[in-house]
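Here are a few exercises to work through with the model open on your screen. Try each task before you read its solution.

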Amino acid sequence: MPKPRKSLIAVESTPYYHCVARCVRRAFLCGVDSHSGQSFEHRRAWLEDRLLELPKVFAIDIAAYAIMSNHYHVILHINTDRAKTWADYEIVERWHRLFNGTVLSQKYLKNEGHLSKVEMMMFQLTIDEWRLRLQDISWFMRIINEGIAREANAEDGCTGRFWEGRFKSQALLDEAALIACMAYVDLNPVRAGMANTPE
């Protein structure tokens, strides 16, 4: 029986996770469709842009990634120490780079971190929740995958699922597992014949 993802991710055991997201309906993330001859190489840039930009907002680092024609691999490092150093105001600013926030969060930013005592008591719960989300790989992957799916569906002129479920994740429990997984991810395009060298 499947387990909820929150029970599979335990930062106290390991901060490193190998995540994989795969397309459905013969959709392409990059490369050329051999049937139609259409190139989807521009979608690689969509994904790379997100993979390079989101760590600037989240307390999550990218250790390695590989973008294949119909799926991608990414090794994520959850940096809880960095998230603990962020002031409440910085948490709200970071969250607003991704979402519109709430009426209270907009007021908080507009007033440069000042709210009434009652408002601040209520809003502190939201800030604490956002701090947790900004170090959560499920939220990280959700934002990447949702954006790609919307752009790809608009380009393909269709609706419905672009990804085969949410994503798969595997904890990398020790240094040997991390190094082996990073080598696997780096060599994936070589094995698939998409590149001659890992570089």
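**Exercise 1. Find the residue in strand 3 that stands opposite Arg 22.**

Step 1: Arg 22 faces His 71 in strand 3. Step 2: zoom out to the strands, where strand 1 (residues 16-22) and strand 3 run antiparallel and are joined by 7 bridges. Strands here are DSSP runs (E, at least two residues) and helices are too (H or I, at least four residues), numbered from the N terminus. Two strands count as paired if DSSP finds at least two bridges between them.

Before going on, a word on the ground rules: this is a predicted model, with local features needing pLDDT of at least 70 and side-chain atom pairs counting only at pLDDT 80 or more, while totals for chains, interfaces and linings use all residues. Residues are numbered from 1 along each chain as its sequence is written, and side-chain values use heavy atoms, with hydrogens and water left out.

**Exercise 2. Work out the strand order of the open sheet, and say which strands stand at its edges.**

Step 1: the sheet has 4 strands in the order 2-3-1-4, with antiparallel pairing. Step 2: strand 2 (60-67) and strand 4 (168-171) are the edge strands; each has a single partner strand, so one side of each is left without a neighbour in the sheet. Step 3: on average, neighbouring strands of this sheet are turned by 20 degrees against each other, direction ignored.

**Exercise 3. Is His 77 buried or exposed?**

Step 1: locate His 77 in strand 3 (residues 71-78). Step 2: His 77 counts as buried because its relative accessibility is 17%. The cut-offs are under 20% relative accessible area for buried, over 50% for exposed and partly exposed in between (1.4 Å probe, protein chains only). Step 3: list its contacts, meaning heavy atoms within 4.5 Å. Leaving aside neighbours within four places in sequence, His 77 touches Pro 15, Tyr 16, Ala 59, Ile 60 and Asp 61.

**Exercise 4. Which residues of helix 4 are buried, and which helices do they pack against?**

Step 1: in helix 4 (residues 88-98), the buried residues are Ile 91, Val 92, Arg 94 and Trp 95. Step 2: these cover an arc of only 165 degrees around the axis, which puts them on the same side of helix 4. The arc is that of the directions from the helix axis to the C-beta atoms. Step 3: their packing partners are helix 5 (103-110), helix 6 (117-133) and helix 7 (137-156).

**Exercise 5. At what angle do helix 4 and helix 6 pack, and what about helix 4 and helix 5?**

Step 1: helix 4 and helix 6 pack at about 65 degrees, with their axes 9 Å apart. They are therefore roughly perpendicular to each other. Step 2: the axes of helix 4 and helix 5 come within 10 Å and cross at roughly 120 degrees, and these two helices are therefore oblique to each other.

Notes
Axes fitted to C-alpha atoms, helices over the stretch in contact; angles between N-to-C directions. Parallel < 35°, antiparallel > 145°, perpendicular 65-115°, else oblique.
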